[in-house]
Amino acid sequence: ALLTVTHFRATVSKHLCDLYKARDVLDFSAGWGDRLTGFLASETVRTITLIDPRLGSIQACIEQHKFVNARLDKSDHTTKKTLAVHQKGAEVVMPKLPSSSFDLIITSPPYFNLENYGETEEQARGQIRKRTSTLDEYVAVFLRPVITHSARLLRPGGVLALNVDDNPAAGVFLCAPTLRIIREIPGLELVGTAGLRKARGFGQGVAHDRAARAEPIFIARKTTKKKRSASH
């Protein structure tokens, strides 16, 4: 599953939706709708829930949903997708969502303080980077809660696909904490890692960078089996 992308290519989210025959999907860091495009293209998806603190991001996703639904065959109502949006941080919204609501959760959350999603302080107000000052605090306040609630929100057999990565140059290491959290949560088990290779440039200026390191997408499944203790 190694693809060259600029952001999170929509074909990846569509492939995962189709692979796991997901009907109800969640993206708790929706961004500008990269993964939403894949949800809308999937034949299995019926309901989509998006979470993002930025108004501009949520509005862009709503417009994309309207654009696609308006062009579907009006006689084929089963292909239309229902969209629910929440303009707040994932760590605020996810505890309020009902358990066992989703077949698939796909997302790529902010990498601690490495990215500024928005051009103004007003746009940045609800972002986790404005409310945590250390990596340990980010893991405690954001990363662990959203993975923990993902396990609660998934139905048995449901899948979490989480794209996070390390940035050694900035001293930010997220992969090890992510894997540790997945390992510690009862009912959640790592089943594999997909490689997401990004490219240089944007839009039509994109160039393949074969030397680039692939970003991991950690794929975990909700299981009813109890985890064995380390002593066993």
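Modeller: Helices (H or I, at least four residues) and strands (E, at least two) are DSSP runs, numbered from the N terminus. Axes are lines fitted to C-alpha atoms, for helices over the stretch in contact, and angles run from 0 to 180 degrees between N-to-C directions. Residues are numbered from 1 along each chain as its sequence is written, and side-chain values use heavy atoms, with hydrogens and water left out. The model is predicted: local features need pLDDT of at least 70, side-chain atom pairs count only at pLDDT 80 or more, and totals for chains, interfaces and linings use all residues.

Two packed helices are described by the angle between their axes and the distance between the axes. For helix H6 (residues 135–153) and helix H7 (residues 175–184), the axes come within 10 Å and cross at roughly 50°. H6 is therefore oblique to H7; angles under 35 degrees count as roughly parallel, over 145 as roughly antiparallel, 65 to 115 as roughly perpendicular and the rest as oblique. The crossing of H6 past H7 is right-handed, a term that applies if the near helix is turned clockwise from the far one by less than a right angle, left-handed being anticlockwise.

Contact means heavy atoms within 4.5 Å. On the H6 side, the contact is made by Val-139, Leu-143, Arg-144 and Ile-147, and on the H7 side by Pro-177, Thr-178, Ile-181, Ile-182 and Glu-184. These residues divide into six nonpolar, one polar and two charged. In this scheme Ala, Val, Leu, Ile, Met, Phe, Trp, Tyr, Cys and Pro count as nonpolar, Asp, Glu, Lys and Arg as charged, and the others, Gly among them, as polar.

Leaving aside neighbours within four places in sequence, Thr-178 is in contact with Leu-143, Ile-147, Leu-162, Val-164 and Phe-218. The C-alpha atoms of Thr-178 and Leu-143 are 7.5 Å apart, although 35 residues separate the two in sequence.

Another threonine, Thr-11, belongs to helix H1 (residues 10–19) and is partly exposed, with a relative accessible area of 47%. Its C-alpha atom is separated by 9.3 Å from that of Phe-39, 28 residues away along the chain. Phe-39 is one of the buried residues of helix H2 (residues 34–41), together with Arg-35, Leu-36, Gly-38 and Leu-40. What covers them includes H1, strand E2 (24–27), strand E3 (47–51), helix H3 (55–70) and strand E5 (102–107). Four of the five residues of E3 are themselves buried. E2 and E3 run parallel and are joined by four bridges, where pairing requires that DSSP finds at least two bridges between two strands. Within this pair, Asp-27 stands opposite Leu-50 in E3.

Between H1 and E2, the loop contains Lys-21, which is exposed, with a relative accessible area of 64%. Lys-21 has a positive phi of about 50° although it is not a glycine.

For the chain overall, there are seven helices and eight strands, and 44% of the 232 residues count as buried. Of the contacts with a separation of 6 or more, 73% are accounted for by residues 24 or more positions apart.

Notes
Buried means under 20% relative accessible area, exposed over 50%, partly exposed in between (1.4 Å probe, protein chains only).
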